[in-house]
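Hi everyone, thanks for coming. Let me put the structure up, and then we can walk through it together.

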Amino acid sequence: QVQLVESGGGLVQPGGSLRLSCAASGSIFSINAMGWYRQAPGKQRELVASITSGGSTSFADSVKGRFTISRDNAKNAVYLQMNSLKPEDTAVYYCNTIPYKYNSWGQGTQVTVSS
């Protein structure tokens with residue numbers, strides 16, 4: 001069973017930055033693509049960034065150029081560096097494999113961007 005724990009969220013002003021971290025049990029990072037997902041109140045969960053086992057990355061159009069995803073397989077960790085944050089980025093952020101494992105969602109970490 002995979003367990004995922006997200007951290008690093010908080011309250012920031014527009015234009016600010018945050019670095020989110022995700023720690024996973026087991027050794028899934030070495031063989032699976034990983035992604036960061038987010039869900040705002042009343043909205044659907046969406047994939048915002050992904051990284052393959054080989055390190056190739058992709059981003060949703062809404063965050064491209066502002067967010068960076070990285071991974072450290074030795075630490076079973078994946079990170080999301082978020083710069084130039086906008087109020088529209090406010091959401092609970094989750095990490096998971098791609099495709100996601102339904103029973104592996106963690107609690108997520110809240111990101112709030114507000115003046």
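Let's start with a question: are Asp 89 and Arg 38 buried or exposed? Both Asp 89 and Arg 38 are buried, where buried means under 20% relative accessible area, exposed over 50%, and partly exposed in between, with a 1.4 Å probe and protein chains only.

A word on the basis: this is a predicted model, where local features need pLDDT of at least 70 and side-chain atom pairs count only at pLDDT 80 or more, while totals for chains, interfaces and linings use all residues. Residues are numbered from 1 along each chain as its sequence is written, and side-chain values use heavy atoms, with hydrogens and water left out.

Now, the side chains of Asp 89 and Arg 38 form a salt bridge, at 3.0 Å from N to O; the term means a side-chain nitrogen of Lys or Arg within 4 Å of a carboxyl oxygen of Asp or Glu. That pair links distant parts of the chain, 51 residues apart: Asp 89 sits in the loop between β8 and β9, and Arg 38 in strand β4. Strands here are DSSP runs of E, at least two residues, numbered from the N terminus.

Asp 89 also has a salt bridge with Arg 66, with the closest N and O atoms 2.7 Å apart. This pair too links distant parts of the chain, 23 residues apart, with Arg 66 in the loop between β6 and β7. Arg 66 is buried as well.

Back at Arg 38, there is a salt bridge to Glu 46, 2.9 Å from N to O. Glu 46 is partly exposed, at 33% relative accessible area, whereas Arg 38 has 6%.

Conventions: Helix = DSSP H or I, 4+ residues; strand = E, 2+ residues; numbered from the N terminus.
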